[in-house]
Amino acid sequence: MTLDTAMLHLHNFLRWVILILLLVALVKSISGMSGNKPYTSGDRKLGAFLMISCHIMLLIGLYQLLAGRYGILTTTLPEGTSFMKDKFYRFFWLEHPLMMFIAIMLITIGRGSFRKPISDRAKHKRTFWFFFIALILILAAVPWPFREIVARPLFPGMPHINAPG
Ligand code: HEM
């Protein structure tokens, strides 16, 4: 297995880790808000795992964006074409990285809610909104198998669905 393939598989798999942690964190923050529950060290650890997974994802994503099989440094577009006019490259070089970067920043900021000098209920509420908006962005920017042109498999190693062109 090449480095590119290993990175791609890890990137694909980590998506599920992030989505599951994000959903659990959202459910916990909703129950924390509505039940007026304390913000526990368990909540803090969950946020830390989520943030670390996202930061690993960011590093892998940056590798792919620059040096992966469709990376900016490893791809030569035909003379005179702009990546902005190509739906495949516009997605993988701009839309996907930008939306995911914003989502990861929101998760990083939201996860820091426990440091704020506010009530536990307010911490849950703040966490909820940052994580919720991040979830929407992630769901919108994942190359799901049902998407046109950029479709990708649900799990690592499943047949590749689309290539540029
Ligand atoms: C929560 C954050 C992210 C999620 C959930 C996510 C999800 C995914 C998924 C599911 C794929 C398809 C994998 C496959 O074909 O098996 C993908 C591909 C890709 N992602 Fe991300 N991604 C995230 C963040 C990022 C970031 C921050 C960047 C860039 C800085 C990035 C760059 C890429 C690139 C370039 C590809 C195409 C790789 C290739 O086909 O060789 N991703 N991403």
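Predicted model: local features only at pLDDT ≥ 70, side-chain atom pairs only at ≥ 80, totals over all residues.
Biologist: How far is Ser34 from His124, when the separation is taken between their C-alpha atoms?

Modeller: Along the chain, Ser34 and His124 stand 90 residues apart.

Biologist: Which residues coordinate the iron atom of the ligand?

Modeller: The protein contributes to the iron atom of the ligand through NE2 atoms, at 2.0 Å. The residues that carry these atoms are His11 and His96.

Biologist: How many residues apart are His11 and His96, and in which helices do they lie?

Modeller: This pair links distant parts of the chain. His11 belongs to helix 1, which covers residues 3-34, while His96 belongs to helix 3, which covers residues 87-111.

Biologist: What is the geometry of the site of the iron atom of the ligand?

Modeller: The iron atom has 6 donor atoms, and the angles among them run from 86 to 180 degrees. For six donors, the class requires opposite donors to be over 155 degrees apart and all others to lie between 65 and 115. The site of the iron atom of the ligand is accordingly classed as octahedral.

Biologist: Which helices and strands make up the protein chain, and in what order do the elements run from the N terminus on?

Modeller: The protein chain has 4 helices and 0 strands. Read from the N terminus on, the order of these elements is α-α-α-α.

Biologist: What value is phi of Asn36 near?

Modeller: Asn36 sits in the loop between helix 1 and helix 2, the latter spanning 41-67, and at 56% relative accessibility this residue counts as exposed. Its phi is positive although the residue is other than glycine, and the value is near 50 degrees.

Biologist: What value is phi of Ile149 near?

Modeller: Ile149 is found in the segment after helix 4, a helix that spans 120-141. Its relative accessible area is 36%, which means that Ile149 is partly exposed. Here, too, phi is positive in a residue other than glycine, with a value near 65 degrees.

Biologist: How far apart in space are Pro159 and Phe13, C-alpha to C-alpha?

Modeller: Pro159 is also placed in the segment after helix 4, and its relative accessibility of 64% is why this proline counts as exposed. In sequence, Pro159 and Phe13 are 146 residues apart, while in space their C-alpha atoms are separated by 15 Å.

Biologist: How far apart in space are Ala122 and Tyr39, C-alpha to C-alpha?

Modeller: Ala122 is a residue of helix 4, and because its relative accessibility is 28% it counts as partly exposed. Ala122 and Tyr39 are 83 residues apart in sequence, and their C-alpha atoms are separated in space by 9.5 Å.

Biologist: What share of contacts in the protein chain, among those between residues at least 6 apart in sequence, join residues at least 24 apart?

Modeller: A contact here means heavy atoms within 4.5 Å. Once the contacts are limited to residues at least 6 apart in sequence, the share that joins residues at least 24 apart is 67%.

Biologist: What percentage of the residues of the protein chain count as buried?

Modeller: The C-alpha atoms fill a box of roughly 60 × 30 × 25 Å along the principal axes, and the accessible surface of the protein chain comes to about 9400 Å². Of the 165 residues in this chain, the part that counts as buried is 39%.

Conventions:
Residues numbered from 1 in each chain as written. Heavy atoms only, no water. Donors = N, O, S within 2.8 Å, 3.2 Å for Na, K, Ca; no water. Tetrahedral: all angles 85-135°; square planar, octahedral: opposite > 155°, others 65-115°. Helix = DSSP H or I, 4+ residues; strand = E, 2+ residues; numbered from the N terminus. Buried < 20%, exposed > 50% of the residue type's maximum accessible area, 1.4 Å probe, protein only. Areas by Shrake-Rupley, 256 points an atom, 1.4 Å probe, with all protein chains shown as cover.
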